[in-house]
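Please read them with the model open.

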Amino acid sequence: MYRSAQRRSSTPRGRNQRTVSGRNKRIIAVLGTVTVFAGIVAVTQVSSANDQLRTATECVAPSPGSTAEGGVTTTVTRENGREVRHHWGDGQTTLEECESGTTVVAAPTIECPSVADKLPEVPAAARTEVERNLGLLEKQIEEANNRLANSVGEGGPNFINNAILGPLASKRVATLDRIAIAIGRVAPRPRGLDELATCELVNRPGNNDGGGNNDGGDDGNNGGDDGNDGDNGNDGDNGNDGDNGLEILANSCDDSNLDDHDGFQVGNRCIDTQFGEVGAAANNPSLLITEFPDEVGVDEPFTIRVSTRNLVRDRFLPAAQGGYYVESSLLDEQGLTRGHFHTACRMLQSTEVAPDPAPAPEFFVATEDGGGGREPDQITIQVSGMPQSGTAQCSVWAGDGSHRLPMSERANQTPAFDSVRIEVN
């Protein structure tokens, strides 16, 4: 039986008031949920430098559930007037792609200016027609992206401009004009809506910057510095006292016996990337799962809603392209962490002992959408279902651009994560 958090009672109750049966139902953390639609992907050849990195790393099969339906690794939808990208498996490749030196990256998509938030207050008499035309604008974008996906290899930028972007702009001009006319019949007609007609091609598999995997202007694999200047409040020599009087065992990989980490998802490596920027306590990210079912059936899809605060969800370096732990944490101009968040669900073999950390979860997705900020908001995640009966643990946690849990100003602050338990029958 599927019951959402809101269905359990006719009167609102907080998280601490949720009625659950036994220890298996205790809430430990929070998981997020995002509605996902089919996306566009393309296979590209990794450079010879990356091929060399791959031969030095272990090729492993991606996590179960690391691709969406149809085998794609990145899917795109629009939510609240903005593009939402879901990175299944944190950009993992299949075993065959890893061994052959290829990787799956997000192909170009079409992005258009949002319209609904640019309109004045719509009079009730015009609302039906305006909403119909807003839906038509979304449908036009969807059709253009489908045309783009089916035209891979048909030509260069001129073909895309003439065959896809140009006709899309013409359709949007006509639709925007109908919106203006509908409002103008009963209120002052809005001006300048045609300026929202032009869309652009976005080709950014790893971030929102329009190129590369790094804001720092470096090669995308060192986060702006080599992470090893050795003067971060210590004397720079591993195992010696720093300026704070503490015995620092290590602050670089200079004396490590392990190989250097290369940006791919392998262990027994030493990471030299500097930690980067940490915000003030009031600006540190936080997460909460706000809605989830108590119980679901085996293989029954369900949704989870997640609220994030102080997390700007605009930064994602795909792990399959060497973007794992290679960039320092970055803050935006408001002092907020730039990154994304992860959602995972796994079946617990026991509720009495800590689970084995090695097996891959039954469901996993990472989400960036260009949204988020100082004020809390909501994102919905569509979980595809759990494969067996028992107790499922669904978790959500924030990540900076390079997938680390964001740092906090103080040690006694709760990190940006949450989990819930769901009975699968």
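**Notes on the disulfides**

1. Cysteine 199 counts as buried (under 20% relative accessible area, where exposed is over 50% and partly exposed is in between, with a 1.4 Å probe and protein chains only), because its relative accessibility is 10%. Cysteine 112 is also buried, at 7%.

2. This is a predicted model, in which local features need pLDDT of at least 70, side-chain atom pairs count only at pLDDT 80 or more, and totals for chains, interfaces and linings use all residues. Residues are numbered from 1 along each chain as its sequence is written, and side-chain values use heavy atoms, with hydrogens and water left out.

3. The whole structure holds three disulfides, a disulfide being a pair of cysteine sulfur atoms within 2.5 Å. Cysteine 112 and cysteine 199 make one of them, with sulfur atoms 2.0 Å apart. Cysteine 112 is in the loop between strand 5 (109-111) and helix 3 (124-149), and cysteine 199 is in the loop between helix 4 (157-184) and strand 6 (200-202), so the bond ties together parts 87 residues apart in sequence. Helices (H or I, at least four residues) and strands (E, at least two) are DSSP runs, numbered from the N terminus. The torsion about this S-S bond of cysteine 112 and cysteine 199 is about 105°, so the disulfide is right-handed.

4. Cysteine 253 is joined to cysteine 270, S to S 1.9 Å. This link of cysteine 253 and cysteine 270 is left-handed, with -90° about the S-S bond.

5. Cysteine 345 is joined to cysteine 394, S to S 2.1 Å. Both cysteine 345 and cysteine 394 are buried.
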